[in-house]
Amino acid sequence: MGKNKLKITPLADRVLVEPAEAETKTASGIIIPDNAKEKPQRGVVVAVGKGKKDEPMTVKEGDTVLYGKYAGTEITIDGKEYLIMRESDIFAIL
Amino acid sequence: MGKNKLKITPLADRVLVEPAEAETKTASGIIIPDNAKEKPQRGVVVAVGKGKKDEPMTVKEGDTVLYGKYAGTEITIDGKEYLIMRESDIFAIL
Amino acid sequence: MGKNKLKITPLADRVLVEPAEAETKTASGIIIPDNAKEKPQRGVVVAVGKGKKDEPMTVKEGDTVLYGKYAGTEITIDGKEYLIMRESDIFAIL
Amino acid sequence: MGKNKLKITPLADRVLVEPAEAETKTASGIIIPDNAKEKPQRGVVVAVGKGKKDEPMTVKEGDTVLYGKYAGTEITIDGKEYLIMRESDIFAIL
Amino acid sequence: MGKNKLKITPLADRVLVEPAEAETKTASGIIIPDNAKEKPQRGVVVAVGKGKKDEPMTVKEGDTVLYGKYAGTEITIDGKEYLIMRESDIFAIL
Amino acid sequence: MGKNKLKITPLADRVLVEPAEAETKTASGIIIPDNAKEKPQRGVVVAVGKGKKDEPMTVKEGDTVLYGKYAGTEITIDGKEYLIMRESDIFAIL
Amino acid sequence: MGKNKLKITPLADRVLVEPAEAETKTASGIIIPDNAKEKPQRGVVVAVGKGKKDEPMTVKEGDTVLYGKYAGTEITIDGKEYLIMRESDIFAIL
């Protein structure tokens, strides 16, 4: 999943992410807790921008990433939902 | 469409975009979802500024781009509606 | 119009603009739409500052420019109304 | 007027200005309009700071300048009212 | 505790911290006071990002750190709760 | 007055000032006007920090300075009231 | 007081301070006034961070410092109360 080439090139430090389904326990054992604090979301990177001047990107296609609940903007391509966000919205690579 | 030369030169990092019509499914299969989050808009770049100091532009004339719903300022030239926005308002090139 | 030498030197990145009259269709075919979004205004540059450190100016005297509706500060010289604004308030040169 | 040496040295990018009286039409023909927008004020520079690091000053003693209505802080020296403001509060030299 | 290798790589200047239990007196004698001011929290660093451009990280895995009460975002891995935060949210290493 | 050595070293770009008494007309003829605008205050510099990186200080001990009404923080040393403020809070040297 | 080595290393430009007791007149004659303005507090530096990139620290262990009333975060170590704050929260060294 998530590695079919999409005809989309994020600009600057933006990343296109295919969000994981809203499972509460993932294969790697990460549970998204259900409480008052902002909950990170998990997804797979499907496209990466070229970075900003003098700031190369760290994430690459295929990385599973954690990001904030309200990160990014939704778009739908060929029936699948994606999020486009800045790399700085990504907390970690799993 | 969108490539007839207009007599307009965007300043600095600004881009003139001809918005696509409000179709819900595009030729390339991108569907703009109808929900509470900000929905990206699609359009074609028709004029590009020279960029800011030490920051060349990435988009070029003819690129189809995604941008935020509230990006830019509307202008009408020869009866067609355009948007003028900063390149940083553009999420991705399709 | 707009090219008679005025005894005024804008400071830094400021530009003195003689606004066009509030016509709804201009000679070059640009129509300012009448809707809820901020409408750009059109005018002619009559004086230009020397720019800020390491940032030379792009617009020059005689340029017809588009700028935001609320850009600049009004002044009247010899009975004509002008606007003084920063170059960054200018969207494009027509 | 305005060129009698005052024993005051503005700091950094500050400028001491002697405001013109509230005339509505000046000798050089500039009329300050009476409407809703912020109206620029006119005055004569009587003292100038040394500028900030790597940013020399543009205005000099004796310049007649335009500045925003709410620019600066009032002080009175020997019975005359002055304003002390930053050079960036000055729009133009007349 | 806290040193089992987790399959998570914090991005940029982020740090993954395993919070200490809410004891009021720790082994090293630090008591978290109970009053109106923000109370620092204690935890163990379990993963560290590579830092931002030209800003290497100071904390390392295994460090016990103090951080603000509202620092970071909660995630749960294999049944344990962690916090992911920026290094600048960390006050001190104990 | 104000030149007795105090055992206090302001940090960075801070300045210790002994405020003048609230006279309405000073020896040098400066009258602090009584109106709605912020009124500058007058005082004597008694201690000066070493400045910030690459920004040496301009004021020196003994200078009489003007500063904003709400500038600085009050401290009392040996029964006298002082203000400690940043140099950027100082408008001018008299 | 305040010089027993604590096992705590403040990060970056942070400083650990042992606040003086709330005396109204200190040994060196400084009286903290009781009025509406923010009152500086006095304390002794007990641990100092390594500073931020290209910004070495000025204060050192043992310095008595003045800082704002609301500066820092309280922590208690071995029954004593400390404050951890940024060096920029410190006004002066006494």
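Buried means under 20% relative accessible area, exposed means over 50%, and partly exposed lies in between (1.4 Å probe, protein chains only). This is a predicted model, where local features need pLDDT of at least 70, side-chain atom pairs count only at pLDDT 80 or more, and totals for chains, interfaces and linings use all residues. Residues are numbered from 1 along each chain as its sequence is written, chains are lettered from A and ligands numbered from 1 in the order in which they are written, and side-chain values use heavy atoms, with hydrogens and water left out.

**Exercise 1.** Work out whether Asp54(E) is buried or exposed, and find its salt-bridge partner.

*Solution.* Start with the area: Asp54(E) has a relative accessible area of 52%, so it is exposed. Next, the pairing: Asp54(E) forms a salt bridge (a side-chain nitrogen of Lys or Arg within 4 Å of a carboxyl oxygen of Asp or Glu) with Lys53(E), and their closest N and O atoms are 3.9 Å apart. Lys53(E) is exposed as well, at 51%.

**Exercise 2.** Which residue forms a salt bridge with Asp63(D)?

*Solution.* That's Lys60(D), with 3.2 Å between the closest N and O atoms.

**Exercise 3.** Where does Ile93(E) sit, and what does it touch?

*Solution.* With a relative accessible area of 14%, Ile93(E) is buried. Leaving aside neighbours within four places in sequence, its contacts (heavy atoms within 4.5 Å) include Thr58(E), Val65(E) and Leu11(G).
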